[in-house]
Amino acid sequence: MTKTHCPYCALQCGMEIGPELAISPRSDVPANALPPAGGALCQKGWTAGELLTNGERLTAPLLHGEPVTWEVALDYVAYRLSAIRAEHGPDAVAVFGGGGLTNEKAYQLGKFARVALGTSQIDYNGRFCMSSAAAASIRAFGMDRGMPFPITDLDDADVVLLAGANVAETMPPFVRHLTGPRMIVIDPRRTQTARLAWLHLQPTPGTDLALALGLLHLAIAEELVDESYVAARTTGFDDVRTSLASWWPERVERITGVPVYRMRQAVRALAAAGNAYILTGRGAEQHAKGTDTVTAFINLALALGLPGRHGSGYGCVTGQGNGQGGREHGQKADQLPGYRKIDDPAAREHMAGVWGIQAADIPGPGRSAYELLDALGTPDGPRALLLFGSNPVVSAPASEHVADRIGALDLLVTCDFVMSETAALADVVFPVTQWAEESGTMTNLEGRVLLRRQAVAPPEGVRSDLDVIAGLAERLGHRFPTEPAEVFDELRRASAGGLADYSGITYERIVAETGVFWPCPAPGHPGTPRPFLDSFATPDGRARFVPVQHRPPAEEPDADYPVYLSTGRVLAHYQSGAQTRRIAPLVQAAPEPFVELHPDLAEQLDIAAGDMVRVSSRRGESKAVARISDAIRRDTVFMPFHWEGANRLTNPALDPLSRMPEFKVCAVRVERDS
């Protein structure tokens with residue numbers, strides 16, 4: 001039996017892999033173990049072994065669709081990269097990473113881009129997931145660690161507010177930690193999580209920010225603010241108090257559709273609780289005002305005295321498997337390892353010392369994820385793209401436009417283990433190892449660094465992403481290690497002294513302690529499960545209130561596109577579905593995309609359950625089968641994004657701070673397809 005972790009979401013459930021790839025849950029990993037019940041897995045976790053034997057595995061490099069040797073493929077890519085850089089400059093080559101890559105791969109990818117390629121053009125698909133919460137947390141607390149407390153702290157909560165998080169479907173074992181608290185769920189749909197809630201607030205899509213402002217207005221008006229906490233541990237509350245004067249509850253009800261009495265119930269329950277948490281997810285964050293929306297919920301949490309107190313707090317429910325670690329070590333356009341800012345002179349000097357180069361040779365900030373994809377093949381944009389662990393033809397907003405931009409490249413190189421929709425467009429495809437065929441660390445939604453351990457040998461002809469990076473780097477004149485443990489040791493040195501300091505973490509400690517919380521700045525340091533108990537990571541140690549104001553979605557319904565579209569996940573599938581849509585039990589559970597409509601809207605549009613429906617936006621159209629349900633608002637339709645189609649419709653309008661696209665709301669027209 002090999003102890004390891006699930007290949008999917010940021011819960012990183014513990015599992016064991018036995019003979020014939022039999023999967024069983026571990027009972028020693030807090031994320032999915034709840035004494036005395038033992039360990040649990042969701043349907044995706046139970047079937048994860050089938051990923052390793054899937055008949056659609058790639059086992060040889062492909063050059064223009066034809067199998068070639070590794071040497072031929074690596075030589076070709078290195079030659080083309082060198083030629084493109086020579087003709088157009090280093091920024092003509094771009095790198096796009098993924099939130100599912102191990103910490104070792106994320107670190108090595110950032111180093112490869114900046115040292116071997118000399119390009120500033122690197123970002124990753126985690127920009128589409130947690131970036132708004134990260135920006136808001138840094139602004140308020142001086143540091144972003146999704147949940148700055150162990151998940152087991154939720155077991156003892158009295159009240160938990162979930163804003164835009166459907167954990168019952170996205171990470172079912174999470175719900176084991178929510179059986180005790182009264183749950184308040186904010187979601188335009190009555191999701192499986194909302195069905196478990198004590199109170200469900202069902203706002204108009206795109207109005208979460210107004211709702212959060214209204215909740216804090218009520219807390220102030222009803223004298224529920226923890227004034228002693230605010231005075232001792234925060235700054236800026238007076239400005240926020242003044243900014244909320246116009247957000248009286250009746251106005252908020254008109255904007256959001258949430259009744260005032262339900263807002264009062266929510267605020268009073270949070271304020272009366274001995275232990276309370278406010279958690280945000282993608283539903284609140286994937287907006288062109290996502291950073292301000294999360295900030296408004298953080299302001300509410302601060303006013304009630306929750307963050308930095310044992311048993312209470314604010315947290316972000318991180319989505320991708322290594323969404324936390326993936327944004328800490330350098331594959332993000334504006335960051336260097338250890339969560340350092342790339343334009344910080346001290347950070348640049350530190351990394352130059354680790355990498356053995358001059359600080360001036362480290363490129364500056366590059367384009368954010370969507371802006372990078374949007375620039376591909378343009379006169380001033382990248383001419384070549386190296387893609388690791390992402391499938392933007394399905395997952396990016398305005399995905400038809402993104403596919404067109406990818407098609408304009410001189411060179412597309414992908415690393416994948418199946419022929420994803422994006423890999424199918426590539427000039428070169430490298431077949432790479434999967435989760436149980438390699439070792440490496442992941443950092444879960446709690447900030448706990450975990451070790452995935454190799455359980456099986458990869459198929460013949462398959463190499464790891466680290467091998468691909470090293471092979472290309474060697475041909476470009478650089479030596480990069482391929483052993484994960486060696487890369488992790490360098491990552492430890494690189495992160496030392498940064499906010500996300502891993503320097504005291506070793507593989508041996510992770511195994512012995514079932515994970516170590518960062519920051520962990522020395523071998524004898526115990527790790528930091530709750531980083532804000534004594535002070536926040538700001539210069540004065542105080543959390544910062546930040547005034548924000550609601551604004552409408554970037555695109556609202558009109559006569560041509562009269563209905564809101566919201567997108568999200570379903571239980572059986574994960575991300576772009578490149579993995580889960582190849583697993584028979586998961587396909588059987590959720591075989592096709594669908595459009596969820598309220599019965600009143602369906603009657604108005606003469607649509608019956610099972611009809612083929614065409615959904616159109618200003619960016620494209622998609623077709624799917626109709627599902628009729630009163631769980632959705634009358635003015636809204638819902639589509640899952642695991643299949644190619646939903647993101648043809650979504651709006652690439654960007655948050656000005658996090659550069660998060662507005663995935664969660666746009667205007668569409670819905671018709672029965674003739």
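This report describes salt bridges, aromatic pairs and surface charge in one predicted model.

Residues are numbered from 1 along each chain as its sequence is written, and side-chain values use heavy atoms, with hydrogens and water left out. Because the model is predicted, local features need pLDDT of at least 70 and side-chain atom pairs count only at pLDDT 80 or more, while totals for chains, interfaces and linings use all residues.

**Salt bridges**

A salt bridge is a side-chain nitrogen of Lys or Arg within 4 Å of a carboxyl oxygen of Asp or Glu. By this rule there are 39 salt bridges. The table gives three of them, among others in the model.

| Salt bridge | Closest N to O |
|---|---|
| D489 and R492 | 3.3 Å |
| R619 and E555 | 2.9 Å |

Burial is judged by relative accessible area: buried means under 20%, exposed over 50%, and partly exposed in between (1.4 Å probe, protein chains only). R448 is buried at 8%, and E446 is buried at 0%. D489 is partly exposed at 36%, whereas R492 is buried at 17%. D489 and R492 are three residues apart in helix α21 (residues 484-495), so about one helical turn separates them. Helices (H or I, at least four residues) and strands (E, at least two) are DSSP runs, numbered from the N terminus.

R619 forms its salt bridge with E555, and this pair links distant parts of the chain, 64 residues apart. R619 sits in the loop between β27 (612-617) and β28 (620-628), and E555 in the loop between β24 (543-544) and β25 (563-568). R619 is partly exposed at 22%; E555 is buried at 9%. Elsewhere, R614, K623, R669, E671 and D673 are linked in a network of salt bridges.

**Aromatic pairs**

Rings of Phe, Tyr and Trp (its six-membered ring) pair if their centres lie within 6.5 Å; planes under 30 degrees apart count as stacked, over 60 as edge-to-face and the rest as tilted. The count is twelve aromatic pairs. W70 and F430 are stacked, because their ring centres are 5.3 Å apart and their planes are at 15°. W70 lies in helix α3 (residues 70-88) and F430 in strand β20 (residues 428-431), so the pair ties together parts 360 residues apart in sequence. Both W70 and F430 are buried.

F594 and F638 form a tilted pair, with 6.2 Å centre to centre and 45° between the planes. F594 is buried at 6% relative accessibility, and F638 is buried at 3%. Ring pairs also link F141, Y314, F532 and F536 into a cluster.
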